[in-house]
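Subject: Handover of a structure

Dear colleague,

Please find the structure below, passed on to you for your studies.

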Amino acid sequence: MEQLLQHLLNAVVLGGTYALLGIGLTLIFGVMRVANFTHGELYTFGAYMAYALIGPLELNFFVGLAIAVMLGILLGIVIEFMLLRPLQKSDMDTTMLVTIGAWIALQNMELFGWGGVAKSVPHPFPTDPFVIGSVSVAPLRVFVVCVAMVLLVSFYLMINRTTFGIAMRATFQDPEVSSLMGVKINRMFTLTFAIGSGLAASAGALLAPVFVVVPMMGDLVTLKAFAVVILGGLGNIVGATIGGFVLGLAEELGAGYIDSGYRDAMGFILIIAVLLLRPQGLFAPRERTG
Amino acid sequence: MRTLIVLGISLLSSVSYVHASDPIKIGMSQPLTGDIAAAGTYVANGARVAVEVVNKSGGVLGRQIQLILEDNKSNPKEAVATAEKLLSGDKVPVILGAWGSTLTLAIMPRLLEYKVPMVVETASSSKVTTSGNPWVFRISPPSAIEAKAFGDTLFTKFTPAIKKADMLVVNNDWGRGASDEFTKLMRSKGVQIGAVETMAPDATDLSAQLAKIKQSGGDTLFVTTGIEQLTLVLKQAQEQRVPQRIVSTGGSSAPDQLIEQAGLAANGSYHIVFFAPWFPEDAAHPEVAKTFIEAWKKKGYAAAGLTDGFRGYDGILTAVQAIKDAGKAEPAAIRDALWNVNVKGANGDIKFEKAGPAGQESGQSIPNIYVVQIKDGKVVKP
């Protein structure tokens, strides 16, 4: 029972960041129809920027995180402008290959620039964990989860309550009609990619002090973000959020009670099951056609 | 005309072969990029340092040594490609490699094909020396030898004594081998075994494994994995207040790097290392250890890399000694000479015993192992 509580707590912490990664990716897919394989690299970029700003440059921890996220948004804009905009009329396979290429290039640049030795990001939180009964959690992780929740909630408010959010959802449903209604599609694409990238970079920056920063850290993240997106249904934002928590839970309980060696496989086993039994995703309403 | 060009080229190349003052090539395959790039780079740097030291003292057989370093990208397929390049392209008479059992095992069939010996500087799986490959000479300890040495000399050094042990290992040949051997050793000492957990090589969140281990009631947790993951284990064990004393095995834990990256979480942990640069006077050959450490620092390499770097250093010393004893830089002669070398390395004496099936034995050296503890951000003798 105590072990179960610890697993559940860990799952919530993990799920929050999976959700951040998932909604960024699903948003880009939904609005732009791009399967974005640079997502994990934006995560890595956010982590390295957090390291550079808080470590060697000795900025305040919170300021450093905020700037790292902004730089992530900037990199997202650059990628969209230079690689995806010229290919707007191309099919999904083409943009997918381009983002895979960008993934490899970015990763090698990181390896070249930072070297293979892992970097550690200092943080101001006490290292002694909060202990409730036999369950414990580090203050840093509590901070990560709180920020993740704030980001998730503000993202929903933006999507559901602002004109910009309505325009984005309209583009989501039908780019051509919304462009006839006066939505500037190009700007919408850039902003979507920027927001998606910012969410990935924020997950990376938040998790950098929890884990260590290495050039390959994004690989598994890209795959997991896709797992979250497929679990929730492609382009489904609420689905991706819940999918993030489901994946966290599946990994924790799978590792805790089945076999820890297959921890990272759990998510992918779940995807196979979802694709076989409910290919539209766990939470997708019936596909709207026409 | 074309015939003339071909003739010219072949003349030129044959001329270069007979030139006695040409350097002797030693090939090396290491992971310089990919998951284990950090450790691979340390080992490669150790080899670079050794080549410099050897060349400065006049080289071998009156010729200089040239290190041809290839990146196997932490990937077995790429490891085979590097071996092909070194063996058929550069035609090196001896190679070093390849960091880890998986990468080394991938290269081994090529040695049989090209009949070129390999000095294995890092690999812990017993398969490396028991698969009947007479071209393999390993200077690092397989897990069985490491566990045995731990049982013989280090087991009793722990107070309070080890009563119940848990294992947390990376899910590959190395980790599973270590977990098997240390479990066997602990059982033979009357120690109970609690949780045995594995983790994927690229897993970052180990909270589930640690939550299970925390409940096992053990007093000592043996961890076998690379330095990055070990850092995460230490940090997360502290977050979850895992009560066990942590002992890392495998010899590539680079305690200096752990202190820097895991901070307070590294305090109290024990590490099995095969080279203890903090106490060179305790090495079997202190003067060799000191020469290595000085040359390493002069190159400006990070001190944290010494615990891995010595493998590259000792590997080169071994290959060079064999070339010297053979009297010529030819693969078969070097292989024969390797059986009789007695090298004073940074780790200690390197000489090979026979291992594996009769008639096709591989060479296995029995290295020294040490255990150190991190205390108040410093490496100390426990």
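**A contact between the chains**

The side chain of A:Ser120 has a polar atom that lies 2.8 Å from the backbone oxygen of B:Gln261. This is a polar contact, meaning a pair of N or O atoms within 3.5 Å; within protein, one must be able to donate a hydrogen and the other to accept it, and residues adjacent in sequence count only if both atoms are side-chain atoms.

Please note that the model is predicted: local features need pLDDT of at least 70, side-chain atom pairs count only at pLDDT 80 or more, and totals for chains, interfaces and linings use all residues. Residues are numbered from 1 along each chain as its sequence is written, chains are lettered from A and ligands numbered from 1 in the order in which they are written, and side-chain values use heavy atoms, with hydrogens and water left out.

A:Ser120 is located in the loop between α4 (92–114) and β1 (130–132) of chain A. Helices (H or I, at least four residues) and strands (E, at least two) are DSSP runs, numbered from the N terminus. Is A:Ser120 buried or exposed? A:Ser120 counts as buried because its relative accessible area is 17%; buried means under 20%, exposed over 50%, and partly exposed in between (1.4 Å probe, protein chains only). Leaving out residues up to four places away in sequence, A:Ser120 touches A:Tyr51, B:Lys235 and B:Gln261, where contact means heavy atoms within 4.5 Å.

**The interface of chain B and chain A**

The size of an interface is often given as the accessible area lost when the parts come together. Here, about 2800 Å² is buried between chain B and chain A, and carbon and sulfur atoms give 50% of that area. Buried area is the accessible area (1.4 Å probe) that two parts lose on being put together, summed over both. Within chain B, the residues that lose the most area to chain A are B:Asp205, B:Glu239 and B:Gln261, together 21% of what that side buries. The contact involves 34 residues from chain B and 36 residues from chain A.

Two salt bridges are found across this interface, a salt bridge being a side-chain nitrogen of Lys or Arg within 4 Å of a carboxyl oxygen of Asp or Glu. B:Glu239 pairs in this way with A:Arg141, with the closest N and O atoms 2.7 Å apart. There are also 10 residue pairs in polar contact between chain B and chain A (both at pLDDT 80 or more).

On the side of chain B that touches chain A, two or more residues come from each of α2 (37–56), β7 (192–199), α8 (207–214), α9 (227–239) and α10 (255–262) of chain B. Of these, α9(B) gives the most, with seven residues. By class, that side has 10 nonpolar, 14 polar and 10 charged residues. Ala, Val, Leu, Ile, Met, Phe, Trp, Tyr, Cys and Pro count as nonpolar, Asp, Glu, Lys and Arg as charged, and the others, Gly among them, as polar.

**The two domains of chain B**

Chain B is divided into domain 1 (17–141 + 285–365) and domain 2 (144–273), with bounds from an automatic or database domain assignment. The C-alpha centres of domain 1 and domain 2 of chain B are 29 Å apart. Their contact takes 17 residues from domain 1 and 13 residues from domain 2.

About 1100 Å² is buried between domain 1 and domain 2 of chain B, with 56% given by carbon and sulfur atoms. On the side of domain 1, B:Pro141, B:Ala304 and B:Thr307 supply 31% of the area buried against domain 2, more than any other three residues. One salt bridge is found across this interface. B:Lys127 forms a salt bridge with B:Asp173, the closest N and O atoms lying 3.6 Å apart.

**A buried leucine in chain A**

A:Leu206 belongs to helix α8 (residues 185–207) of chain A. With a relative accessible area of 5%, A:Leu206 is buried. Apart from neighbours within four places in sequence, A:Leu206 is in contact with A:Leu20, A:Leu65, A:Phe143, A:Val144, A:Val147 and A:Ala148.

**Backbone details in chain B**

The peptide bond between B:Thr159 and B:Pro160 is cis, with omega about -5°. B:Arg241 is not a glycine, yet has a positive phi of about 55°. B:Arg241 sits in the loop between α9 and β9 (245–251) of chain B.

Yours sincerely
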